[in-house]
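Take a moment with the sequence and the fold before reading on.

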Amino acid sequence: MMRRDDCLKVLALRRSDEIVVATYMAAQEWIHISPSELNYTCIGAMGQASSHALGIALGRPDRRVIVLDGDGSLLMNLGALVTIGHAAPRNLVHIVCRNNTYETNGSVPIPGADQVSFTGLARAAGYREAHEFEDLADWERAVDQILIEEGPILVELRMVPGDPYPEDFRRLGSLDHREAFRQALLGDRLKG
Amino acid sequence: MVAEVQSLEAASIIAGIKRAGIRFIVALPDRHTSAQLLRKLMADPEMRVVQVCKEDEGVSICSGLYATGHRALLLMQYTGLLDSVNAIRGVAVELHNPVCMMVGLLGLEPGTRPTQSKRYGLRIVEPVLDVMEVPHLLLEVDADTAQIASAIDAAYARSGPVVLLVGAEPV
């Protein structure tokens with residue numbers, strides 16, 4: 001089984017100017033693995049990461065937007081799959097870090113852990129593509145193509161937690177970082 | 001002498017929304033506003049309507065749009081507002097996002113303040129917003145729509161949410 005931080009490192013190596021929206025455990029690791037002003041982290045109202053990402057993707061159709069969602073988080077906002085499928089942002093890649101637990105909340109199993117298919121749900125909701133990986137080498141081989149495919153795309157990464165990273169919820173909810181993100185994007189648009 | 005009946009014109013509301021610089025509408029249909037407001041907004045070539053499956057998605061979509069420099073309005077029924085309290089708390093209030101919401105008060109008795117309604121769900125809307133420290137404005141007659149743009153401008157200036165309550169059914 002893949003480790004989450006290994007999966008994220010694979011993505012970080014391919015990242016250029018993509019916006020990355022991250023939530024909870026993936027966010028705690030991503031800010032260390034790929035620090036950037038173009039990281040948008042969200043906590044506080046669980047399940048909302050993909051909705052933040054949709055807003056960003058619609059607002060900046062010229063930029064690739066990747067959302068690092070959790071399985072428990074997505075279950076809390078499943079209608080978002082249909083909303084995204086209907087809005088059909090071509091620039092959105094929705095990555096679900098699947099470890100079958102509410103890891104932030106005590107590693108209690110998610111309901112439907114043995115049954116639910118996020119790729120199946122995404123296809124039925126109107127996503128253009130959906131991929132599932134449980135082997136790191138397969139993920140490494142596919143990621144370049146996924147980052148240029150027309151979206152919306154859902155990627156389900158079956159994983160286990162990897163190395164521990166320091167938790168910093170204050171950073172994830174930081175208004176200073178949010179404003180830096182806004183300014184980076186606004187500056188980019190002015191330059192464009 | 002018969003008192004003049006004052007109406008709330010959908011065209012005036014839409015003009016106010018546009019004056020505020022809003023071009024994205026995030027919406028879930030509300031029978032109080034669907035026919036005259038939402039359908040007109042969907043047909044308006046100047047506006048982009050994003051339909052959501054649940055109202056709390058809209059709080060975050062509006063926040064994402066704000067992060068990219070766009071202004072947006074979440075259009076929903078008061079039941080959706082009540083259902084979205086945690087997202088408004090966590091995303092709009094605590095993370096200081098200027099989420100602007102237009103909320104239909106379906107079933108409000110004509111000429112009645114929401115807090116005086118016979119309907120429990122309507123009576124609690126303004127008190128809930130007050131407890132959450134979310135500014136709100138009641139649109140009852142056409143003259144009230146003159147305040148839409150300034151209320152939205154103020155929300156963006158302070159980077160916090162605002163709720164525009166649609167009391168009368170727009171015509």
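**From one residue pair to a chain**

F24(B) stands opposite A72(B) in strand β3(B), where strands, like helices, are DSSP runs numbered from the N terminus, with at least two residues of type E for a strand and at least four of type H or I for a helix. Strand β1 (residues 24-27) and strand β3 (residues 72-77) of chain B pair in the parallel sense over 4 bridges, and two strands count as paired if DSSP finds at least two bridges between them. Helix α3 (residues 55-67) of chain B packs on the sheet and touches β1, β2 and β3 of chain B, contact meaning that C-beta atoms, placed from the backbone, lie within 7 Å. The direction of this helix makes about 170° with that of β3(B), given that axes are lines fitted to C-alpha atoms, for helices over the stretch in contact, and that angles run from 0 to 180 degrees between N-to-C directions.

This is a predicted model, in which local features need pLDDT of at least 70 and side-chain atom pairs count only at pLDDT 80 or more, while totals for chains, interfaces and linings use all residues. Residues are numbered from 1 along each chain as its sequence is written, and chains are lettered from A and ligands numbered from 1 in the order in which they are written.

The open sheet of chain B holds 6 strands in the order β2-β1-β3-β4-β6-β5, with parallel pairing. Because β2 (48-51) and β5 (136-139) of chain B stand at the edges with a single partner strand each, one side of each is left without a neighbour in the sheet.

Chain A, in turn, has 9 helices and 9 strands.

Terms used
Two residues are in contact if their C-beta atoms, placed from the backbone, lie within 7 Å.
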